[in-house]
Amino acid sequence: MGIGLIGYSIGRVHTHSWLNLRQFYSDSLVSSPRLVAVCGRNKNAVSSFAKHYGYDRIYNDWRELVNDTEINILDNCAPPNLHLEASVNAAEKGKAVLCEKPLARTASEAYEMYRATEKTGQVHMTGFNKRFFPATLYARELVQSGRLGKITHVVATYYNIEMGEGFSNPNLPLTWLFRREIAGHGAMNDLGSHLVDLMRFVIGEISSVCGAIQIFVKERPLPEDTTKKGAVDVEDAIAGCLRFAGGAIGTISVSWMPVSVHDYLALEVYGTEGSFRFCFERPTELEVYLHDDRDFALNGYRTIYCTTREHSLMNQFWPDQGSSYGFEQSFVSEIAHFLSAVERSQSVEPLGASFYDGYLTALINDELAASARDGRWHAIRPEPR
Amino acid sequence: MSWQLPPVMGDGMRFVLNPDRSRFILSNKIGVGLIGYGIGRVHAHAWKNIPLFYDSSIVPKLVGFSARDPKKTMEMKESFDFEKSYSDWQNLVRDPAVQIIDNCSPPKLHAESCTTAAEAGKAVLCEKPLARSADEAYEMYRAAKRSNIVAMSGFTVRFAPAVMLAKNLIESGRLGKIFSIRCCYMNIESGYNGYLDPNYPLHWHFDRDIAGHGAISDLGSHALDMASFLLGEVTEVCGATQTIVHERPLVTDPSRMGKVTVDDVAVASLKFKSGALGTIDASWMASGKKDYFYFEVHGSEGSVRFNFERLTELEVYLKDGSEFNGYKNVIVTSKNHPNMDKFWADQGGGFGWNHLFVVELKHFLDWVVAGEQVDSLDPTFRDGYINSLLIDSIVESSRSEKWVKIEPKM
């Protein structure tokens, strides 16, 4: 199966997964991935990346890459402004498409991607890797089986120390993450999209939102000339309120400003029969409280290490070992799921996020931003499939 | 110690230039032969991942694999693209394309296969525990020295960024004078019930002839190495070992029972040359523990504590006299933390169990290329011998009910 990659930032971990896939999934996958081509604008950087990982050839323009007939799968790790055109073009040329999150800059772009790709009949997937953790899958099972009763409250948080020091440093240059024209939104797209998708995946649909956004560092040095500054036109942080279709209410809090936490994606869910909490900084653990414990005086949250082979995905990896599932393994699982769907020409849903899921997340992000502008609650009214 | 790479027969070159420009486009390859598929699976994974994480002019190549079970041998060969497989280790060790023997077999096979490999001039990496007894381990250490090869003991946990940070804090004096260490390794080995279940079959872990000892050897070896690594030489031990489940169903015929000949639970007290004291707990009958390898070190100026179940964290207490004093929970995943820069910095679970092996094997590869030990903190066969001596002495102390002096042979 020929792989063509655009972008080599998060593309590095994708590449790592393609190369490791057969070690973990040789029993269930029919095909072997072959790294055909990688595309990037910086000639030197892309060629040394290709050399290191063993890509056969390099391109500097994605149009050439999507025309390469040896490529069966486009792995789109480019910035969001390149997602729509490249992904749809590839699908029209008969390639399955895995596209990094956020699916697009706006909901309308994302919907167009979904419609155009769906029309070609090609398999499509949005790269929400947070779905592929034994702990998040276990949490979803607890909610869906009714073990936690009716879900009443959700507290969702994603704070991240971007670049190892936090974006609070005003001297960090104005990279594409700070530019609406390329990124669509700020922290909401980069971090919040993970959180929104995870909530939809684990708890259910979000029906309306309201929010506030803030830009703390208004301008940053230009990367090409650090003596000059450019305006930041996306949010550094958002705080919002949510209503779920199932009746629960909740809050969402996202920021790339904190200097304290590293990868603090935390989800607390409260139900009438029990609760759970999950934090991505301890990705193998799920804390679970069950209200029906007989001995109430000794009741409390239990920490479940989701590392035994009985937990989803663990059997493919290293069961029963300390910290044996994390960031890296989630991509291997995600990509294995995608490849397996491609082999069978089946949708990646419900375990994987399709382009339609990517669209719904983009819509929620857009409505949160719109609410921050007009100060009103916004209902989520998606276009049909 | 200097060490020469063994000549590669056939083409007369030490390293073969990658002829097919296959997956990893790097110039020089060194042949790895792997024995055993238990922990061997993560070793194979790590060898394949070294070139993905590190820029190195010399790249490991999975040449041969050997194990007794033909089905598992084929699975390993398929999943990891080994060029060849063998049904016995002797042929693997003899293969001229193999320059490194990575020994992941059960302890019973360690001494003979490592010694044979050493005599054939191969570099040897051997899983922990180094051997079934201190005597066997000593012979292995001597054989490696005689043959002038590089030989590493697989004490993998040393390579965790959080452990290295703890070691740095101790060595730099930030924790002051070290008074004590408490170190335990407790789990149930496998699944939800694991070894707690008296019907768990009589795996080789329970057989003295294959394993040497039980929990004190499988888990305690890690704890004892950590204690020695962090606090230095141990001079005396006193301990107790206990078998809880005395017989278990045979693997080959579960209707029949076989005798458990090793310990399920072990405890020990340690005296260090520095004057510090320590305790060790090892158990594979620890309900509720998945992989609880824990240590805490207390010094005059501060303390650290570490839990393998939360591998990326180190709790650090530094006395600073302020009203905010307390343990800090340091997430050890930044680029500037030890061993972290090549991996996935600042990501949740960005360094995991499998990465420990990638670091370990890369360090060993550096030894092989240099012909001698490169990083003085890496575990040697001598460390493996002393580790086995500590285990034997704890078991002896349990019998004699007396403190046992640790007097390693040179």
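Which domains does the domain assignment give for chain A?

1. Domains of chain A. The assignment gives domain 1 (2-129) and domain 2 (134-324). Please keep in mind throughout that this is a predicted model. Taken over C-alpha atoms, the centres of domain 1 of chain A and domain 2 of chain A are separated by 25 Å. Their contact takes 11 residues from domain 1 of chain A and 11 residues from domain 2 of chain A. On the domain 1 side of chain A, the residues touching domain 2 of chain A divide into seven nonpolar, two polar and two charged.

2. Domains of chain B. Here the division is into domain 1 (16-156) and domain 2 (161-310 + 312-349). The C-alpha centres of domain 1 of chain B and domain 2 of chain B lie 26 Å apart, and 11 residues of domain 1 of chain B are in contact with 11 residues of domain 2 of chain B. By class, the side of domain 1 of chain B that touches domain 2 of chain B has seven nonpolar, one polar and three charged residues.

3. The contact between chains. How many residues of chain B are in contact with chain A? There are 36 residues of chain B in contact with 32 residues of chain A. On the chain B side, helix H1 (40-53), helix H2 (70-80) and helix H10 (353-370) each supply at least two residues. The largest share, four residues, comes from H1(B). The residues of chain B that touch chain A divide into 13 nonpolar, 13 polar and 10 charged.

4. Ser79(B), a residue at this contact. Its place is in helix H2 of chain B. Not counting residues up to four places away in sequence, Ser79(B) touches Arg22(A), Gln23(A) and Ser26(A). Is Ser79(B) partly exposed or buried? A residue needs 20 or more other C-beta atoms within 10 Å to be buried; Ser79(B) has 19, so Ser79(B) is partly exposed. Ser79(B) and Ala44(B) are 35 residues apart in sequence, with 9.4 Å between their C-alpha atoms.

5. The nonpolar core. The largest nonpolar core has 238 residues, and those touching the most other members include Leu195(A) and Tyr359(A) from chain A, and Val124(B), Met140(B) and Ala227(B) from chain B. Leaving aside neighbours within four places in sequence, Ala227(B) is in contact with Ile181(B), Cys183(B), Val234(B), Leu270(B), Gly278(B) and Ile280(B). Another core, of six residues, lies apart from the largest one; Leu174(A), Ala183(A), Val232(A) and Val234(A) are among its members. In soluble globular proteins, nonpolar side chains tend to be buried together.

6. Helix H6 of chain A. Within H6 (residues 134-144), the buried residues include Pro134(A), Ala135(A), Leu137(A), Ala139(A), Leu142(A) and Val143(A), and also Thr136(A). What covers the buried residues of H6(A) includes helix H8 (187-202) and several strands of chain A, among them E7 (151-160), E13 (263-271), E14 (274-279) and E15 (285-290). After H6(A) comes Gly146(A), with a positive phi near 80°.

7. Helix H5 of chain B and its partners. The axes of H5 (residues 134-146) and helix H11 (residues 381-400) of chain B come within 8 Å and cross at roughly 170°. H5(B) and H11(B) are therefore roughly antiparallel to each other. Among the residues that meet are Tyr138(B), Met140(B) and Tyr141(B) in H5(B), and Phe381(B), Tyr385(B) and Leu389(B) in H11(B). The residues of this contact divide into nine nonpolar, two polar and two charged. With helix H4 (residues 107-119) of chain B, the axis of H5(B) comes within 9 Å, crossing at roughly 5°, which makes H4(B) roughly parallel to H5(B). Residues meeting there include His110(B), Cys114(B) and Glu119(B) in H4(B), and Glu136(B), Met140(B) and Ala144(B) in H5(B). By class, the contact of H4(B) with H5(B) has six nonpolar, two polar and three charged residues.

8. Ser168(A). This residue is found in the loop between E7 and helix H7 (180-183) of chain A. With 16 C-beta neighbours inside 10 Å, Ser168(A) counts as partly exposed. Ser168(A) touches Met257(A) and Val259(A), not counting residues up to four places away in sequence. Ser168(A) and Phe216(A) are 48 residues apart in sequence and 7.9 Å apart in space, C-alpha to C-alpha.

Terms used:
Residues are numbered from 1 along each chain as its sequence is written. Chains are lettered from A and ligands numbered from 1 in the order in which they are written. This is a predicted model: local features need pLDDT of at least 70, side-chain atom pairs count only at pLDDT 80 or more; totals for chains, interfaces and linings use all residues. A nonpolar core is a set of buried Ala, Val, Leu, Ile, Met, Phe, Trp, Tyr and Cys residues joined through C-beta atoms within 7 Å. A residue is buried if 20 or more other C-beta atoms lie within 10 Å of its own, exposed if 12 or fewer, and partly exposed in between; C-beta atoms are placed from the backbone. Two residues are in contact if their C-beta atoms, placed from the backbone, lie within 7 Å. Domain bounds come from an automatic or database domain assignment. Ala, Val, Leu, Ile, Met, Phe, Trp, Tyr, Cys and Pro count as nonpolar, Asp, Glu, Lys and Arg as charged, and the others, Gly among them, as polar. Axes are lines fitted to C-alpha atoms, for helices over the stretch in contact, and angles run from 0 to 180 degrees between N-to-C directions. Angles under 35 degrees count as roughly parallel, over 145 as roughly antiparallel, 65 to 115 as roughly perpendicular and the rest as oblique.
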